[in-house]
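Hi,

Here is the structure I promised to pass on.

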Amino acid sequence: MPDPMNTDEERGVREVKSAARTVELLEVLAERGDRPARLQELAAELQVPRSSMYALLQTLISRGWVRTDMTGSLYGIGIHALLTGTSYLDTDPRVRAVRPYLDVASEALGETIHMGRLDGGDVAYLATRESHEYPRTISRVGRRLPAHAGALGKALLAERPDSTLPEGPYTPATPNTHTDRDSLAADLAETRTRGYSIDHEEGVLGIIGFGFALRYDAPAQDAISCSVPVARLTPAHESQIISVMREIRTKIEATTPGGAGAPHWR
């Protein structure tokens, strides 16, 4: 016999299918980037009837979450996704706390500095200070990279036991990316010994990264990194990068991200 004191919240609430489908659609469109999708493609990928997908798309277009072309046959992510994402960055206390230190590191090193957060098996880029020597044409903020394929992700994976690593094989971003569990685990062991990760052109060819987990959470959810073109990295510059980034990490961890009374998001 059911316990009358056992609430829906305690038993767990069933997923709302319409809400889940909406989120899945937005994620698919976001992942496609500058490759707009057709109705049939979206219906097939999400395995829903064309009529249901069309109705959902029209609803989201009217709310600004999805956009369409003049013919009404191509669909992409809408401007309200940007507005919501910007709100996340503007209201997150830890992003606000870290940003000034990214400026300091960028000025001291003249290289690109990132802040990222672990999101499942990926790292989402939350803040970036671009190098004046090699500015990117596309910002990384809001983009994702598999955690096994970059300095930010490996710094955060090293804060967790190897038992949490998926079995693999892992998708390579470059020919240098770790694609098997044992190889990645060996790299993470070295990261724990050093206290920071090194990305040897594993995420982007021609770029070496140094990642430092921010341990104001346990295990760490956020990390900072410095990205350097291979041609610019000398032993002296590497020593400078490590020294500056370690000092920046220490200063960030000494702060209280969020301040008194702020919610601790999970």
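A contact here means heavy atoms within 4.5 Å. Among contacts in the chain between residues at least 6 apart in sequence, 53% join residues at least 24 apart.

Before the rest, some housekeeping. This is a predicted model, where local features need pLDDT of at least 70 and side-chain atom pairs count only at pLDDT 80 or more, while totals for chains, interfaces and linings use all residues. Residues are numbered from 1 along each chain as its sequence is written, and side-chain values use heavy atoms, with hydrogens and water left out.

The chain has 9 helices and 9 strands (DSSP runs numbered from the N terminus: H or I of at least four residues for helices, E of at least two for strands). Of its 266 residues, 41% are buried, i.e. under 20% relative accessible area with a 1.4 Å probe, protein chains only.

Strand 9 (residues 222-229) is the bit I'd look at. It has 8 of 8 residues buried, so it is largely enclosed by the rest of the structure. Both faces are covered: Asp222, Ile224, Cys226 and Val228 lie on one side, with Ala223, Ser225, Ser227 and Pro229 on the other.

What does strand 9 pair with (pairing takes at least two DSSP bridges between two strands)? Strand 4 (residues 112-119) runs antiparallel to strand 9 and is joined to it by 6 bridges; there, Met115 has Ile224 as its bridge partner. Strand 8 (residues 207-214) is also antiparallel to strand 9, with 8 bridges, and Phe210 is partnered by Cys226.

Cheers

Conventions
Buried means under 20% relative accessible area, exposed over 50%, partly exposed in between (1.4 Å probe, protein chains only). Two strands pair if DSSP finds at least two bridges between them.
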